[in-house]
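Work through the exercises below with the model open. Each task is followed by a stepwise solution.

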Amino acid sequence: SVKGSSFLILRPRRTGKTLFLSMLEEFLVRSDCADLPDRVDFQSTDIFRRLEHLRAKRAKKELNSEEQRELRCLERVWKLKGQYPVLSISLNGKQEVNTIKSAIMRVAKKYDVLLSTSTR
């Protein structure tokens with residue numbers, strides 16, 4: 001479990017940090033918190049097709065031990081899809097963000113469903 005965990009991603013410029021984080025957000029974000037519903041069709045990805053292939057093999061009882069481990073891992077990851085509110089804050093030069101507080105307030109407005117259900 002990653003409850004209460006934080007992640008710091010350090011990579012050089014121009015190495016896909018924003019793309020990676022956008023895809024991660026898209027995968028994890030709850031549908032009631034998403035900007036646009038279903039922007040990415042994860043069911044068309046190779047990982048999902050592999051998951052379905054292994055599930056079909058399991059139904060036929062044709063999985064070897066390595067495939068069983070792989071299937072368990074893929075199923076654990078797939079269960080995370082759409083389960084979390086995701087707050088992404090960008091402090092790059094493209095946005096006019098004067099302070100971290102103002103960035104957080106902009107995100108909070110975006111996720112007003114979270115504010116209405118939180119205890120203050």
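The model is predicted. In it, ring pairs join Phe27, Phe42, Phe48 and Trp78 into a cluster.

**Exercise 1.** Classify the ring pair of Phe27 and Phe42, and state which parts of the chain it ties together.

Solution. Step 1: the structure contains three aromatic pairs. Step 2: for Phe27 and Phe42, the centres are 5.2 Å apart and the planes make an angle of 80°. Step 3: planes over 60 degrees apart count as edge-to-face, so this pair is edge-to-face. Step 4: Phe27 belongs to helix H1 and Phe42 to the loop between H1 and helix H2 (46-59), so the pair ties together parts 15 residues apart in sequence.

**Exercise 2.** Classify the ring pair of Phe48 and Trp78, and decide whether each residue is buried or exposed.

Solution. Step 1: the ring centres lie 4.9 Å apart with the planes at 40°, so the pair is tilted. Step 2: Phe48 is in helix H2 and Trp78 in helix H3, so parts 30 residues apart in sequence are tied together. Step 3: buried means under 20% relative accessible area. Phe48, at 13%, is buried, and Trp78, at 18%, is buried as well.

**Exercise 3.** Which residues of H1 are buried, and how is Leu21 classed?

Solution. Step 1: the buried residues of H1 are Glu25, Glu26, Phe27 and Leu28. Step 2: Leu21, also in helix H1 (residues 17-28), has a relative accessible area of 41% and is therefore partly exposed. Step 3: together with Phe20 and Leu24, Leu21 forms a nonpolar surface patch of about 260 Å² accessible area.

How values were computed:
Residues are numbered from 1 along each chain as its sequence is written. This is a predicted model: local features need pLDDT of at least 70, side-chain atom pairs count only at pLDDT 80 or more; totals for chains, interfaces and linings use all residues. Side-chain values use heavy atoms; hydrogens and water are left out. Patches are made of residues with over 30% relative accessible area and no salt bridge: like charges are joined within 9 Å, nonpolar side chains (Val, Leu, Ile, Met, Phe, Trp, Tyr) within 5 Å. Accessible areas come from the Shrake-Rupley method with a 1.4 Å probe; for residues, only the protein chains shown count as cover. A salt bridge is a side-chain nitrogen of Lys or Arg within 4 Å of a carboxyl oxygen of Asp or Glu. Helices (H or I, at least four residues) and strands (E, at least two) are DSSP runs, numbered from the N terminus. Buried means under 20% relative accessible area, exposed over 50%, partly exposed in between (1.4 Å probe, protein chains only). Rings of Phe, Tyr and Trp (its six-membered ring) pair if their centres lie within 6.5 Å; planes under 30 degrees apart count as stacked, over 60 as edge-to-face and the rest as tilted.
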